[in-house]
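Hi everyone, thanks for making time today.

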Protein chains: 2
Amino acid sequence: MCILLRNISGLATPAEELPPYEIRIIEDAIIAADQGKIAYIGPESGLPPLNIDAVYNCRGSFATPGLIDSHTHPVFSAAREHEFHMRNAGKSYAEIAASGGGIRASVRELRKASIEYLVELLRDRFNGFLALGTTTIEAKSGYGLSFMDEMKSLRALKELREHPLEVIPTFLGAHEIPDEYRGQRESYIQLLIDEMIPAVVSEGLAEYCDIFVEKNVYTVEEARRILTAAKNAGLALRLHVDQLTSGGGAELAAELGAVSAEHLDYISDEGIDRMIEAGVVFNLLPGAVFFLGHTKYPPARKIIDKGGIIALSTDFNPGSSMTRSLPLMMTIACVYMGMSADEALASVTLNAARSVKRNNIIGSLEAGKQADIVLWDIPGHDYIPYHYGENLVNCVFKKGRLVYRKPECGDNREFD
Amino acid sequence: MCILLRNISGLATPAEELPPYEIRIIEDAIIAADQGKIAYIGPESGLPPLNIDAVYNCRGSFATPGLIDSHTHPVFSAAREHEFHMRNAGKSYAEIAASGGGIRASVRELRKASIEYLVELLRDRFNGFLALGTTTIEAKSGYGLSFMDEMKSLRALKELREHPLEVIPTFLGAHEIPDEYRGQRESYIQLLIDEMIPAVVSEGLAEYCDIFVEKNVYTVEEARRILTAAKNAGLALRLHVDQLTSGGGAELAAELGAVSAEHLDYISDEGIDRMIEAGVVFNLLPGAVFFLGHTKYPPARKIIDKGGIIALSTDFNPGSSMTRSLPLMMTIACVYMGMSADEALASVTLNAARSVKRNNIIGSLEAGKQADIVLWDIPGHDYIPYHYGENLVNCVFKKGRLVYRKPECGDNREFD
């Protein structure tokens with residue numbers, strides 16, 4: 001299948017050979033996608049001979065690469081809107097936990113759910129990502145926290161491997177200490193190291209191992225042991241660190257050669273330097289700061305000025321950031337973290353691809369890369385963070401296939 | 001035309017006879033709409049004899065009243081994304097103004113636009129409101145600031161009177177002092193009073209007169225003169241007040257018997273009391289606070305605790321709040337202003353109707369009111385502010401007619 005996208009008003013993309021926050025603008029380009037990859041991008045006059053099967057009229061839409069959400073927790077059962085409203089009414093996290101809330105509430109619900117039910121939920125959730133322009137996500141387990149429930153979570157993701165949304169699975173068995181191990185955390189850590197990680201690897205269920213390093217969750221020392229075991233078993237590493245307190249997590253990510261360290265609201269200057277030296281991507285999640293009503297955002301400007309690579313992600317999860325909208329993350333990053341339009345776009349495309357080690361195949365519109373393309377009803381990419389809280393996506397292509405198109409308004413009847 | 005909505009999972013609505021923030025939940029209701037009005041709402045067993053023309057299968061969607069956005073500025077020509085990014089890069093308002101930005105930039109652009117062009121822009125913008133669940137808006141002029149350009153703006157709104165989005169027009173000729181009157185503001189005020197207001201009234205172009213009372217814009221004394229003239233000419237009043245500084249604007253709104261006073265980020269305690277005594281609606285615009293990167297939100301809890309009526313609006317405009325999403329306004333109001341799910345819903349439905357004096361016909365799902373209905377893919381109304389930054393609307397009815405339905409995902413080809 002070879003398709004040609006015509007009547008694109010312009011496109012904006014980062015590129016492998018450009019500096020990490022630089023955006024290339026091409027006006028009047030056409031894109032040819034052959035066998036799911038970009039075969040040509042440029043002026044129509046330069047189109048090489050190709051057997052075109054179909055021409056798609058983009059009607060003046062503006063193109064960007066498919067967006068990449070490099071930190072999500074989509075494998076949950078029940079939503080937690082009740083907790084959201086308790087928090088806004090002034091209840092503390094401790095009170096909410098005492099009333100049965102928090103990650104542990106999601107663990108309770110996920111354990112009750114069948115894999116078939118999870119797959120159905122995930123299919124709907126995946127469609128929602130596509131509709132917002134996201135064509136690839138990193139997706140974590142972490143609400144099972146038992147051998148079988150973590151395996152169930154990752155297997156549910158694998159069941160959907162034919163879904164157009166591309167998924168990079170991460171094992172997050174170390175999201176919390178499960179209730180039944182509260183008095184014996186060392187036993188849970190042994191379970192992670194001796195049984196869960198080997199099983200995940202042998203079944204090919206995850207590419208990454210992740211852990212939540214935070215006061216009252218996992219210590220830096222525990223994380224070092226668990227992640228070292230994961231690395232030795234063949235998993236790449238990413239870490240939740242420095243979200244609520246500065247605890248040496250960024251430094252640990254650098255020490256272990258993690259691909260990505262995530263949240264970083266309280267990262268130290270030392271942590272920034274160590275991560276840059278080690279080439280770890282700074283994966284920032286402004287939605288969690290916003291949704292929790294916090295005011296301290298991660299220090300994006302400082303990171304950029306020092307030369308760090310930033311990815312922006314939604315943190316999609318039922319407790320601390322219930323959204324799949326990367327465009328809204330771009331808005332928050334621009335307004336509250338001082339990022340520019342170019343920086344925001346690069347951070348949800350090529351830099352996000354870097355945070356999942358896929359920058360050789362996705363994240364930019366360049367010949368040879370996957371034809372993951374979003375067409376937007378916008379005049380240019382700086383409009384994406386500006387016109388906020390709405391879906392400006394016109395249509396989405398994944399590997400050269402149309403997977404979403406926006407609806408028409410009007411009297412579109414559907415009566416029985 | 002009489003239609004029946006079946007298979008609604010539940011509905012949430014305020015009601016005329018309930019306290020202003022109380023929400024009634026009805027499970028397993030059906031809704032019959034006859035001649036554009038709600039003929040029946042309640043259990044199927046109680047349906048009176050009606051000549052049903054069609055049955056709509058709601059497939060388990062959850063219903064609320066059509067949302068009402070009671071403060072918008074949709075009549076503009078060019079967007080101002082460039083200014084947004086300048087501001088985020090640290091440029092001051094004064095620097096942006098010096099480079100040609102601000103309201104005056106929109107005035108320059110609007111004056112160049114033909115009425116036909118404005119009507120086309122508005123039609124698209126109106127469709128976007130419907131898609132987000134908004135079935136009625138209050139819409140202001142205010143980027144013309146000359147006799148002909150203000151008339152053009154209001155006439156463009158009137159041209160769309162057949163569009164399903166219902167519009168309540170407001171004359172905001174006193175949005176700013178236009179450039180050509182900078183040295184002679186008194187002449188512009190006389191133009192407003194002697195020519196523009198009478199013309200607006202005689203052509204039936206507006207229901208309200210509005211003014212921006214703020215340091216360096218209009219003074220309280222000027223506003224009193226202009227609004228008194230407007231009132232005497234037959235217009236109802238609403239005011240932009242206390243947005244950036246506390247300037248006695250809320251007190252003026254109370255003194256003049258305005259229907260609504262808007263923004264109110266810096267309202268004084270005295271202003272709150274005066275507005276409550278006078279029955280003025282508190283029209284709060286959290287999107288403008290968010291979008292401008294401010295941190296001081298209007299004191300919603302204090303207003304509610306004292307007994308004030310709050311409406312929440314988007315402030316949709318190209319400079320300080322480029323969104324049509326009332327659900328996102330609800331999210332911000334919950335997280336940053338401590339509002340509950342019930343308070344947020346009431347503030348974008350019946351209380352918003354109160355802020356445009358339409359609460360006798362819209363704003364709640366009750367027999368006899370207009371059949372303005374949103375069907376959502378949600379389990380209950382407390383989910384709307386929780387799942388943020390996405391469009392959870394399944395379909396929208398205006399006066400009993402289906403005017404929006406969400407798209408399907410999947411390989412929905414549209415090739416030439």
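**A short tour of a predicted model**

Let's start with a pair of asparagines: the side chains of Asn57(B) and Asn7(B) are joined by a polar contact of 2.9 Å. Please keep in mind throughout that this is a predicted model. Asn57(B) sits in strand β6 of chain B, which covers residues 54-57. Is Asn57(B) buried or exposed? Its relative accessibility is 18%, so Asn57(B) counts as buried, the cut-off being under 20%. The side chain of Asn57(B) also has a polar atom 2.9 Å from the backbone nitrogen of Arg59(B).

Now on to helix packing, still in chain B. Two packed helices are described by the angle between their axes and the distance between the axes. Take helix α4, residues 115-131, and helix α5, residues 147-159, of chain B: their axes come within 9 Å and cross at roughly 50°. That is why α4(B) and α5(B) are oblique to each other. The crossing of α4(B) with α5(B) is right-handed. On the α4(B) side, the contact is made by Ile115(B), Leu118(B), Val119(B), Leu122(B) and Phe126(B). Facing them from α5(B) are Lys152(B), Arg155(B), Ala156(B), Leu157(B) and Glu159(B). By class, the residues of this contact are 7 nonpolar, no polar and 3 charged.

The second pair is helix α7, residues 220-232, and helix α8, residues 249-256, again of chain B. Here the axes are 11 Å apart and the packing angle is about 25°. So α7(B) is roughly parallel to α8(B), since angles under 35 degrees count that way. The crossing of α7(B) and α8(B) is right-handed. In α7(B), the residues that meet α8(B) are Val220(B), Ala223(B), Arg224(B), Leu227(B), Thr228(B) and Lys231(B). Their partners in α8(B) are Gly249(B), Leu252(B), Glu255(B) and Leu256(B). This contact of α7(B) with α8(B) divides into 5 nonpolar, 2 polar and 3 charged residues.

One more helix before we turn to the loops. How many residues of helix α12 of chain B are buried? Of its 12 residues, 326-337, 11 are buried, and the helix is mostly covered. The buried ones include Leu326(B), Met330(B), Cys334(B) and Met337(B). At the N-terminal end, Ser325(B) caps α12(B), with a side-chain oxygen 3.0 Å from the backbone nitrogen of Leu328(B). Just after α12(B), Gly338(B) has a positive phi of about 70°.

For those of you who like backbone torsions, which other residues are worth a look? Leu264(A) is not a glycine, yet its phi is positive, about 70°. Leu264(A) belongs to the loop between β13 (260-263) and α9 (269-278) of chain A, and it is buried, with a relative accessible area of 0%. In chain B, Asp242(B) is a residue other than glycine with a positive phi near 55°. Asp242(B) lies in the loop between β12 (236-241) and α8 of chain B. Its relative accessibility is 2%, so Asp242(B) counts as buried.

Last stop, a proline in chain A. Pro49(A) is in the loop between β5 (37-43) and β6 (54-57). At 81% relative accessibility, Pro49(A) counts as exposed.

Definitions and conventions. Residues are numbered from 1 along each chain as its sequence is written. Chains are lettered from A and ligands numbered from 1 in the order in which they are written. This is a predicted model: local features need pLDDT of at least 70, side-chain atom pairs count only at pLDDT 80 or more; totals for chains, interfaces and linings use all residues. Side-chain values use heavy atoms; hydrogens and water are left out. Axes are lines fitted to C-alpha atoms, for helices over the stretch in contact, and angles run from 0 to 180 degrees between N-to-C directions. Helices (H or I, at least four residues) and strands (E, at least two) are DSSP runs, numbered from the N terminus. Angles under 35 degrees count as roughly parallel, over 145 as roughly antiparallel, 65 to 115 as roughly perpendicular and the rest as oblique. A crossing is left-handed if the near helix is turned anticlockwise from the far one by less than a right angle, and right-handed if clockwise. Contact means heavy atoms within 4.5 Å. Ala, Val, Leu, Ile, Met, Phe, Trp, Tyr, Cys and Pro count as nonpolar, Asp, Glu, Lys and Arg as charged, and the others, Gly among them, as polar. Buried means under 20% relative accessible area, exposed over 50%, partly exposed in between (1.4 Å probe, protein chains only). A polar contact is a pair of N or O atoms within 3.5 Å; within protein, one must be able to donate a hydrogen and the other to accept it, and residues adjacent in sequence count only if both atoms are side-chain atoms.
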